Amino acid sequence: MHDGSGRIVVEGLSKSFGPVSAVQDLSFTVRPGAVTGFLGPNGSGKTTTLRMLLGLVMPTSGTATINGLPFHQLPNPASVVGAVLDAQSFHPGRTARHHLRCYAAAMNVPDTQVDRALELVGMGSAGKRKAGTFSLGMRQRLALATALLGDPQVLVLDEPANGLDPEGIAWLRNFLKAFAASGRTVLMSSHFLREIEHTVDQLVIISRGRCVFDGHLDELRAAQRSRTLVQAADPRKLIEKLHAAGLSVDYVPDGRLAVTGADSRTVADLALEAGIALYAMQDERIGLEQLFFQLTHGQYTGVQQHGAQAAPDARGFGGTA
Ligand SMILES: Nc1ncnc2c1ncn2[C@@H]1O[C@H](COP(=O)(O)OP(=O)(O)OP(=O)(O)O)[C@@H](O)[C@H]1O
């Protein structure tokens, strides 16, 4: 059934492994008809979240549902959700077709779906080849074929672009976009924004198990902005002057100020008016990748400021001085 109802809802989800808080109070919704990227650095809790969604790990608290139900309550789950959590789990001596037949039998899916799935991932002529001879890209495709066996409404993929060459990434992009365009749902994780930037429409970014951005990629793009880095003799006085001029100022870890929305000339004029000596200035444009680092590592603004830890909110960029 592909009626556009394949909605994923994560609400207040948390998971601790002993003292490790892998996921903390995470909430987001993934809608059909779009590719949603689930982005975060290594160890930020992506796999744990996906495993909770797929009923493989029990949440400490909160819920994760597909079509309003936890995974284990889904009737005929293979037709609702197809997932790839590990693209390496093949018997190397089995052919691609044999591998898929084993899974089809376990899922109660007719054998005819095997060749269909191979065709879908562009491996129609590789069915008789042993999985052990496959490149990483082909293994990723075979894993995807496995997820497609039940003709699912929702695809959940953990790092599907990992290790793919540019051609493989382009193929995956076209495939997932077409899948979503047919009214179905795609949630794919990655730790590398550039890898999925041209594939996803929506983004959920997590850091240390918490959501730091949830929105359309265009919203993140709109946040790309230029700023001026400035080293001043009296930073506090300069901040006052810049604030009075309506400008936003962040501290960067090396002690400089980052002024958003003004070029170096404007900043220099304001400093001169206030009688503040400047030692160095640099115009800088924050790209998407830097924004991602900013959100997930505090590289720019998540640093200690005036004795308080900057707290990024889930839709903005915290840490303004
Ligand atoms: N079974 C487990 N037992 C103990 N700690 C775990 C377990 N699974 C995950 N963790 C810890 O939970 C945190 C989140 O891990 P997780 O694998 O979910 O992150 P991730 O974002 O998927 O990382 P990666 O991109 O490296 O796969 C990490 O600190 C990890 O070490």
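**Close-up views of a predicted model**

The crossing of helix 3 and helix 5 is right-handed. That pair is the subject of the first view. The model shown here and in the other views is a predicted one.

**View 1. Helix 3 meets helix 5.** Helix 3 covers residues 96–107, and helix 5 covers residues 136–148. Their axes come within 10 Å and cross at roughly 30°. Angles under 35 degrees count as roughly parallel, so helix 3 is roughly parallel to helix 5. Helix 3 brings Ala96, His99, Leu100 and Tyr103 to the contact. Helix 5 answers with Leu142, Ala145 and Thr146. By class, five residues of this contact are nonpolar and two are polar. None is charged.

**View 2. The shell around the ligand.** Which residues surround the ligand? They are Phe17, Val20, Ala22, Gly40, Asn42, Gly43, Ser44, Gly45, Lys46, Thr47, Thr48 and His191. Eight of the shell residues are polar, three are nonpolar and one is charged. Helix 1 gives the most, with three residues.

**View 3. The buried residues of helix 11.** Helix 11 spans residues 288–297. Its buried residues are Leu291, Phe292, Gln294, Leu295 and Thr296. What covers them? The cover includes two helices, helix 7 (193–196) and helix 8 (217–222). It also includes strand 8 (202–207) and strand 9 (210–216).

**View 4. Val259 and its contacts.** Val259 is found in strand 12, residues 257–260. Is Val259 buried or exposed? A residue is buried if 20 or more other C-beta atoms lie within 10 Å of its own. Val259 has 26 such neighbours, so it counts as buried. Leaving out residues up to four places away in sequence, Val259 touches Arg227, Thr228, Val230, Leu242, Leu247, Val249 and Val267. Arg97 lies elsewhere: its C-alpha atom is separated from that of Val259 by 58 Å. Along the chain, the two residues are 162 residues apart.

**View 5. The chain behind the close-ups.** The chain has 321 residues, and 40% of them count as buried. Its secondary structure comes to 11 helices and 15 strands. The C-alpha atoms fill a box of roughly 80 × 40 × 35 Å, taken along the principal axes. Among contacts with a separation of 6 or more, 69% join residues 24 or more positions apart.

Conventions. Residues are numbered from 1 along each chain as its sequence is written. This is a predicted model: local features need pLDDT of at least 70, side-chain atom pairs count only at pLDDT 80 or more; totals for chains, interfaces and linings use all residues. A residue is near a molecule or strand if its C-beta atom, placed from the backbone, lies within 6 Å of it. Helices (H or I, at least four residues) and strands (E, at least two) are DSSP runs, numbered from the N terminus. Ala, Val, Leu, Ile, Met, Phe, Trp, Tyr, Cys and Pro count as nonpolar, Asp, Glu, Lys and Arg as charged, and the others, Gly among them, as polar. A residue is buried if 20 or more other C-beta atoms lie within 10 Å of its own, exposed if 12 or fewer, and partly exposed in between; C-beta atoms are placed from the backbone. Two residues are in contact if their C-beta atoms, placed from the backbone, lie within 7 Å. Axes are lines fitted to C-alpha atoms, for helices over the stretch in contact, and angles run from 0 to 180 degrees between N-to-C directions. Angles under 35 degrees count as roughly parallel, over 145 as roughly antiparallel, 65 to 115 as roughly perpendicular and the rest as oblique. A crossing is left-handed if the near helix is turned anticlockwise from the far one by less than a right angle, and right-handed if clockwise.
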